[in-house]
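The sequence and structure come next.

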Amino acid sequence: MDTAELQLIDAHCHVNFSAYRDELDDVIERATDDHIGLVVVGSQSSTSRRAVECAERYDNVWAVIGLHPLHLFEQEVDESEEKGGELVHFRSRAEVFDPNFYGSLIDRSPKVVGIGECGLDFYHVPTDIDPLVFRSRQEELFRLQVDLAFERGLALMIHTRNAADGSTDVHGDVLRILNDCRTDGRMPRGDVHCFSGTTAEAESYLDLGLYLSFTGNVTYKPRKVSPNSEETLHDVIRSVPLERMIVETDAPYLTPVPHRGEKNEPAYVRFVADKIAEIKGLEPDEVYRRTLKNTRDLFVI
Ligand SMILES: [Zn+2]
Ligand SMILES: [Zn+2]
């Protein structure tokens with residue numbers, strides 16, 4: 001397809017995951033028919049390679065490659081509500097970040113437009129590891145990928161998740177690391193995906209020149225963004241300027257209303273954009289146009 005005809009881009013989805021094994025082309029074609037582009041995001045070496053293969057086959061698909069902090073350690077992962085209602089259970093494989101492997105994917109394809117998803121995840125804590133070691137290994141992995149993004153001139157796709165009990169400060173930690181990079185003059189372009197921090201945290205990211213992307217959870221009943229804040233996600237969306245917002249699905253997770261409970265897919269990114277328009281009191285067209293421009297600027301596509 002002619003990418004000049006795109007109306008929206010789903011800036012973060014995982015159609016490279018095994019959840020789409022039997023319907024990958026159908027899912028991409030439904031998005032394409034609806035003038036929607038896809039940025040397919042890897043979480044480890046195998047899904048990063050699949051993201052690139054997918055991007056090479058379709059004009060309107062691009063790839064982000066990297067190692068998710070969850071894949072540093074082998075552990076059982078249970079998800080329920082977050083995954084569109086269906087119970088997801090998998091065993092993550094422990095993987096070491098190999099810069100040569102990711103470097104070779106970048107060399108192989110101009111469709112690689114970013115590094116990630118990477119960052120810090122304090123939600124899934126293995127029981128058999130010292131929490132301090134757990135955090136410092138995640139931080140080390142994140143810094144390696146920030147460096148790679150900077151050196152290769154690619155966008156950084158940042159993942160952040162706090163512990164369920166509010167005992168961690170993931171945004172404080174990510175901001176500290178990124179501020180170090182800025183001080184060193186090595187700060188890449190980037191996006192904080194599935195943003196669900198406070199308005200103050202949002203402002204700190206915007207000060208670093210980053211974009212914030214929002215996903216299907218904007219269509220859910222608004223909840224407090226943290227146990228320590230009175231703000232809801234809708235308050236945060238009202239406060240963030242459209243000029244710095246991006247839309248995504250994070251499919252197969254976080255399916256937006258009215259499809260909640262079904263498997264998510266990139267074509268549903270329109271419901272995310274429509275809800276943001278409603279919350280901000282804007283025309284949907286304006287949200288489509290501006291988030292499309294932001295996504296193109298971020299990934300240089
Ligand atoms: Zn993520
Ligand atoms: Zn993701």
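In this predicted model, residues 24 or more positions apart account for 71% of the contacts in the protein with a separation of 6 or more. The protein holds nine helices and ten strands, and its radius of gyration of 18 Å is close to the 19 Å that the globule rule gives for 301 residues, so the protein is as compact as a globular protein of that length. Taken along the principal axes, the C-alpha atoms fill a box of roughly 50 × 45 × 40 Å, while buried residues make up 47% of the 301 residues.

An unreviewed UniProt entry carries the annotation "binding site", and according to that record it covers H159 and H193. Although these residues span 35 residues in sequence, no two of their C-alpha atoms are more than 5.9 Å apart, so they gather at one spot.

The table sets out where each residue is found and how many other C-beta atoms surround it.

| Residue | Location | Other C-beta atoms within 10 Å |
|---|---|---|
| H159 | strand 7 (residues 155-161) | 24 C-beta atoms |
| H193 | loop between strand 8 (190-192) and helix 6 (199-207) | 25 C-beta atoms |

Because a residue counts as buried when 20 or more other C-beta atoms lie within 10 Å of its own, H159 is buried with its 24, and H193 is buried with its 25.

Leaving aside residues up to four places away in sequence, H159 touches H68, G116, E117, C118, G119, D121 and H193.

Conventions: Residues are numbered from 1 along each chain as its sequence is written. Chains are lettered from A and ligands numbered from 1 in the order in which they are written. This is a predicted model: local features need pLDDT of at least 70, side-chain atom pairs count only at pLDDT 80 or more; totals for chains, interfaces and linings use all residues. Helices (H or I, at least four residues) and strands (E, at least two) are DSSP runs, numbered from the N terminus. The radius of gyration is taken over C-alpha atoms; the globule rule is 2.2 Å times the number of residues to the power 0.38. A residue is buried if 20 or more other C-beta atoms lie within 10 Å of its own, exposed if 12 or fewer, and partly exposed in between; C-beta atoms are placed from the backbone. Two residues are in contact if their C-beta atoms, placed from the backbone, lie within 7 Å. UniProt positions are given in the numbering used here, feature names are shortened, and annotations may be inferred rather than shown by experiment.
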